[in-house]
Amino acid sequence: MVAETSLGVDDLVAPLFVREGIDSPVPISSLPGHFQHTVTSLCREAEHLADLGVPGVMVFGVPTTKDAYGSGASDPDGIVQVALSELRSSLGERLVIMSDLCLDEYTDHGHCGLLGPGGYVNNDATLLRYQEVAVAQADAGSDVVAPSGMMDGQVAAIRSALDGAGYPDVAILAYAAKYASALYGPFREAVDVTISGGGDRKGYQQDPRNRREALAEVALDISEGADMVMVKPALAYLDVIADVARRFQVPVAAYHVSGEYAMVKAAAERGWIDGAAVAAEQILAVKRAGASVILTYFAAELAAALGGQESIDRSLEPGHG
Ligand code: PBG
């Protein structure tokens, strides 16, 4: 009766991977229960999620070939575009279809942008590529594009490209405060990304030591036209989620990332924790901090535990589910 926070199925978004050139789904060992999908198995999984009441999916592509420009990201016949249009035709309006908008899955060097002289990411050249990717994803039927590359000016560039191509209604979920985190490890296996030369993303992602900088990033993205903003990862940045939710009026999303999921799964596998209860507690904490949209690899599991109806309280009880 007096509980302040409740988590519902409708708060959850499921990240999904689709891979080119396979004829059956490939399990991702570092993300137990998740697969690199074929287009067919992706649509089946999305239907299952919609049946459970999950309102949205975020689609990531794994192409067969990668190059310096990340050409596959904007190719109309590229895996993500094919998957988005199949999802649209098989699911209609049952789910909000979102697409991660980045180059790292498609570049041979594994960076989120184009490299300039000296091996540094060239911010402004990258923006032109993001514009092409945004329009390709909108052409394929995406409802929401989600730029995750942390280039300066990416939201404004994408908004003007979408408007110019006749997609004023395609929304932008900006990965606004994305930290250079060690928690993305399993994801990079999921999308077959290795950053060349043992590099990292510290040149464009945020420094975990900085909290106020996140507010500056979010303010910029909103002024450039972001419809929703995201904080990522989630649990190590609950203070940032709370700051953003308090300060800004747009919906706040948080991404409970691959490493956060994998840690729970691994400890549960060893019998050290009750995985279902810990998952429910963690995702509830993200909601309590102020996120109203939560991307999580637990989406299907939590939704099934919630039965589409119940609140999360029952699944917080040890041993439930
Ligand atoms: C970039 C992107 C990443 C994730 C989502 N979008 C990886 C990165 O920045 O290295 C990570 C998601 C996760 O770890 O679950 N396209």
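Asp11 is found in the segment before strand 1 (12–19); strands are DSSP E runs of at least two residues, numbered from the N terminus. This is a predicted model, where local features need pLDDT of at least 70, side-chain atom pairs count only at pLDDT 80 or more, and totals for chains, interfaces and linings use all residues. Residues are numbered from 1 along each chain as its sequence is written, and side-chain values use heavy atoms, with hydrogens and water left out.

Q: Is Asp11 buried or exposed?
A: Buried means under 20% relative accessible area and exposed over 50%, with partly exposed in between (1.4 Å probe, protein chains only). Asp11 has a relative accessible area of 9%, so Asp11 is buried.

Q: Which side chain does a polar contact of 3.0 Å join to that of Asp11?
A: A polar contact is a pair of N or O atoms within 3.5 Å; within protein, one must be able to donate a hydrogen and the other to accept it, and residues adjacent in sequence count only if both atoms are side-chain atoms. At 3.0 Å, the partner side chain is that of Lys287.

Q: How far does a polar side-chain atom of Ser258 lie from an oxygen atom of the ligand?
A: Ser258 is among the closest residues around the ligand. For Arg201, a polar side-chain atom lies 2.8 Å from a ligand oxygen. For Ser258, the value is 2.7 Å.

Q: How many charged residues does the shell around the ligand have?
A: Asp, Glu, Lys and Arg count as charged. The shell also has eight nonpolar and three polar residues; the charged ones number seven.

Methods. Near = heavy atom within 4 Å. Helix = DSSP H or I, 4+ residues; strand = E, 2+ residues; numbered from the N terminus.
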